[in-house]
Structure formats: structure tokens, C-alpha cells
Amino acid sequence: MFTEEQIQNLNKEFKDALPSEIIQKAFELNNEAVVTTNFRPYEAAILHAVNAEIKDVPVVWCDTGYNTPQTYKHAEQVIKDLSLNVFLYVPKQTSSHRDVVMGIPSVDDPKHAEFTEQVKLEPFRRAMSEHKPKVWFTNLRQGQTAFRNSIDVFSVSADGVLKVSPFYYWSDEKLDIYLEENNLSNEFKYFDPTKALANRECGLHG
């Protein structure tokens with residue numbers, strides 16, 4: 001378990017570091033790691049960056065079952081191009097079944113919490129319980145949500161896992177260049193059924 005002082009020192013030391021340097025440091029601290037992804041826009045960057053340092057790192061994909069056709073095609077392309085070691089986790093109930101029973105509740109609907117639990121939180125907990133990582137790589141970035149503005153490159157999850165966001169201070173424009181330089185695809189037709197607004201937290205992080 002990292003102390004608050006240790007996390008603060010890491011963030012001071014690596015504030016201006018390259019993503020590759022941040023990832024290397026994280027693996028030095030502990031190599032029991034996973035990368036989580038939902039293949040939303042710019043996810044190819046974190047998948048490429050981590051995979052470039054250590055091959056076959058487990059990639060946890062929690063698929064809600066409501067992704068767009070474009071996202072699924074994008075995911076298949078990125079998995080193939082990077083030869084990712086993907087572990088797929090899906091809800092215990094199909095989206096077709098849930099559509100009949102519940103549909104996709106709005107944020108102010110009392111069923112929204114149950115919906116989020118079914119399609120996102122339960123599969124995620126199952127994934128983390130099976131992999132038991134000590135390091136969790138994400139593509140969280142400053143400016144995405146109020147919660148994400150409160151963390152940094154290094155933070156600690158509620159379960160005590162070291163959360164590492166190598167592109168935390170990067171802009172979309174900078175990531176566009178990274179994707180182009182590394183011949184990585186991107187896809188903006190993405191849908192998260194648990195979020196009504198782009199700046200709303202998805203439930204896994206805050």
C-alpha cells in the first residue's frame with residue numbers, strides 16, 4: 001500500500017515525464033498489472049504504450065453489450081494490430097433480455113443504479129477479483145470529469161490498487177499526433193449507456 005506522501009512524490013517526479021517513462025516506473029514498482037479499456041476514443045494510445053513496454057499484459061475489456069458497431073469494429077482492429085492479450089468480461093444478462101425487463105434507464109430513474117451495477121460495476125469487480133492486479137493502467141485524463149481533475153498520473157483506487165494514467169496531462173491534439181505517429185486507429189462513434197453526459201463519471205473511478 002502506498003502512502004499519500006509516496007504518491008505525491010511520484011506525481012512530482014513524473015509530472016513532465018513521457019508516458020513510456022511513467023509506465024516503466026509503474027512496472028518497477030510492481031509488474032502484476034492490468035490495463036482496462038472500453039475502446040472509447042483515444043484508448044488505442046494507452047493500449048499501445050503499455051504493450052510497447054511489456055508484451056502480453058492482461059487487457060481487461062468490460063463490454064456493456066451496448067457498444068456501437070463502429071466501436072466493436074475498432075476494438076477488433078486494435079486487438080489485432082497490437083496482438084493484445086484481451087480478457088473479455090460481459091454482464092450476466094444479455095442486453096436483449098435487459099431491454100425487455102428494464103431498457104436503458106435515464107440518470108434520474110431509480111433503476112439507473114441497478115442498470116450500472118449490472119452492465120459495468122459487477123463485470124469490473126469480477127475482472128479485478130480474478131486478476132488481482134497491484135497496478136492498474138488507465139487512460140484517464142485531466143479535464144474529463146470533476147473527479148478525474150482531482151487525481152493525477154499516480155493515484156490509489158478505493159481497493160488500494162496503484163492507478164496509473166500515463167497520458168493524464170495530454171490534450172486531444174497531442175494524442176492525435178501520437179496515434180498518427182504510431183499508425184493507430186481511433187473511433188468517435190462510442191456510446192456508454194451509463195453516462196448521460198460526457199463529463200459524467202462512469203462509475204468505475206469515482
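Reply: Contact here means heavy atoms within 4.5 Å. The model is predicted, so local features need pLDDT of at least 70 and side-chain atom pairs count only at pLDDT 80 or more, while totals for chains, interfaces and linings use all residues. Residues are numbered from 1 along each chain as its sequence is written, and side-chain values use heavy atoms, without hydrogens or water.

Start with V50. Leaving aside neighbours within four places in sequence, V50 is in contact with I23, F27, V35, V57 and F137.

Now the helices (DSSP runs of H or I, at least four residues, numbered from the N terminus). Helix α3 covers residues 43-53 and helix α8 covers residues 172-181. They pack at about 55°, axes 10 Å apart (lines fitted to C-alpha atoms over the stretch in contact; angles run from 0 to 180 degrees between N-to-C directions). The crossing of α3 past α8 is left-handed (near helix turned anticlockwise from the far one by less than a right angle; clockwise is right-handed). On α3, A44, A45, H48 and A49 make the contact. On α8, L175, Y178 and L179 do. Six of these residues are nonpolar, one is polar and none is charged (Asp, Glu, Lys and Arg are charged; the nonpolar set is the core list plus Pro; the others, Gly among them, are polar).

Next, α2 against α3. Their angle is about 55°, with the axes 10 Å apart. They are therefore oblique to each other. Here α2 passes α3 in a right-handed crossing. S20, I23, Q24 and F27 of α2 meet A49, V50 and E53 of α3. This contact has four nonpolar, two polar and one charged residue.

Last, the loop between α1 (4-13) and α2 (19-29), where L18 is found. Its relative accessibility is 48%, so L18 counts as partly exposed. L18 and P166 are 148 residues apart in sequence, but 7.6 Å apart in space, C-alpha to C-alpha.

Notes: Helices (H or I, at least four residues) and strands (E, at least two) are DSSP runs, numbered from the N terminus. Buried means under 20% relative accessible area, exposed over 50%, partly exposed in between (1.4 Å probe, protein chains only). Angles under 35 degrees count as roughly parallel, over 145 as roughly antiparallel, 65 to 115 as roughly perpendicular and the rest as oblique.
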